[in-house]
Amino acid sequence: MILEQRLQRLLSKRQETHHYRTRVSLNSGQGVSLNIEGREYHNFCSNDYLGLASHPDMILASREALEKFGCGSGASHLVSGHQQLHHQLEEALAKFCGRERALLFSTGFMANVGVLSALAERGDRIYQDRLNHASLLDGGLLSRAELIRYRHNDLDQLESLLKRDQQQSGQAFIVTDGVFSMDGDVAAISALVNLANRYQAVLMVDDAHGIGVLGERGAGCVEDFDQSQVPILMGTLGKAFGSLGAFVAGSSVLIESLIQLARPYIYTTALPPATAAASLKALDIIQQEPQRRVRLAKRIQQFRELAHAHAIPMMESHSAIQPVLTGSEAQTLAVSEALKQRGFLVGCIRPPTVPKGSARLRITLCSEHEPDVVEQLVLNVAEVMCA
């Protein structure tokens, strides 16, 4: 059993270096409080930014679709799994994002892998921010195009790379997260649009953590940029939308090409119709209840002001993702566990998810967090880190 021995060595090494990951099993639905083994915890590690995952209207919409269409879609979209609810959701998302069409994928990871592996070819170049999500990096590798990574948000380096390569044949792609999932900062979309235009590159933005949250209408960090400026837009439905799945929005030619070429779309069972119904309702809530975004912005401001007042080492983020630098992997684990003992669940992020030496707590805020609970969290973080 050589494989078993090799795997055991890998597992042991992860434990020794404090990189080992474990799961917890919840006894409750998603919300600002969670039940684990009979104990209630304040939840500050969810991407349910607007508190929609357990919204009663979404549950009702899902239940009605479940009774009408059943549990599963039964097949891929191209066989017999494409329901009218899927089509309605795609049309609604395209309109919301100001694009001609949108295409549903079962997960955000599949959407990113599907787009890049379908559109980029050998001889093309994909320029990616060094802190892009793993799915974007994997999609670039699978495409067989040349993958070129630039320093995080370093647009001077990106331009020098584009200028260096501008005489080469093939298509250039610039690919970036909108909101960076571990740092919480936002890409400089306007500057990236200008660079893409100047060097005839195609810009793709993964707005998984911005869609539904950022922008006056909640249409994300690219809300003010049209289809010609950001030709490829990816958004997820499992974060601010409180549901599951993802979509790619763009021109009719783009979407039709992905239907024909994107293997993760072609060869995957379609999302359950009940999930599409829940996402449709979530989109309606996002558009009709802007006060959720207002409340979230207030909680973010409150958290940052309190954290600075208590000298907590913060990163420069004004999104719902608030990273707190903690030092070594072992110390990060210890701080996270101490907070859990006090009733607070926060993300514990270590390499290789983030660069070596930048282990952190990843605290995420929700519009439904009460101000006094946010204050309690900050006080406990300050006490634990100073202990």
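Predicted model: local features only at pLDDT ≥ 70, side-chain atom pairs only at ≥ 80, totals over all residues.

Modeller: Residues are numbered from 1 along each chain as its sequence is written, and side-chain values use heavy atoms, with hydrogens and water left out.

Colleague: Why is the pair of Phe44 and Phe344 called tilted?

Modeller: The structure holds two aromatic pairs, where rings of Phe, Tyr and Trp (its six-membered ring) pair if their centres lie within 6.5 Å, and planes under 30 degrees apart count as stacked, over 60 as edge-to-face and the rest as tilted. The centres of Phe44 and Phe344 are 6.4 Å apart and their planes stand at 35°, so this pair is tilted. Phe44 belongs to strand β2 (residues 39-44) and Phe344 to strand β11 (residues 344-349), so that the pair links parts of the chain 300 residues apart, strands and helices being DSSP runs numbered from the N terminus (E, at least two residues, for strands; H or I, at least four, for helices).

Colleague: What makes Phe44 count as buried?

Modeller: Buried means under 20% relative accessible area, exposed over 50% and partly exposed in between, with a 1.4 Å probe and protein chains only. Phe44, at 0%, therefore counts as buried, and Phe344, at 3%, is buried too.

Colleague: What kind of pair do Phe105 and Tyr265 form?

Modeller: Phe105 and Tyr265 form an edge-to-face pair, with 5.7 Å from centre to centre and 65° between the planes. Phe105 lies in strand β3 (residues 101-105) and Tyr265 in helix α10 (residues 263-266), so the pair ties together parts 160 residues apart in sequence.

Colleague: Why are β3 and β5 said to stand at the edges?

Modeller: The open sheet has seven strands in the order β3-β9-β8-β7-β6-β4-β5, with mixed pairing, and two strands pair if DSSP finds at least two bridges between them. β3 and β5 each have a single partner strand, so one side of each is left without a neighbour in the sheet. Within this sheet, β6 and β7 pair in the parallel sense over six bridges, and Thr176 stands opposite Val205 in β7.

Colleague: Why are α5 and α6 called roughly parallel to each other?

Modeller: α5 and α6 pack at an angle of about 30°, with their axes 7 Å apart, where axes are lines fitted to C-alpha atoms, for helices over the stretch in contact, and angles run from 0 to 180 degrees between N-to-C directions. Angles under 35 degrees count as roughly parallel, over 145 as roughly antiparallel, 65 to 115 as roughly perpendicular and the rest as oblique, and α5 and α6 are therefore roughly parallel. As for the strands, α6 lies across β4, β5, β6 and β7, running at about 165° to β4.

Colleague: How do you know that Leu162 is buried?

Modeller: Leu162, which has its place in helix α7 (residues 155-165), has 3% relative accessibility and so counts as buried. Not counting residues up to four places away in sequence, Leu162 touches Tyr127, Ile174, Leu195 and Tyr199, contact meaning heavy atoms within 4.5 Å.
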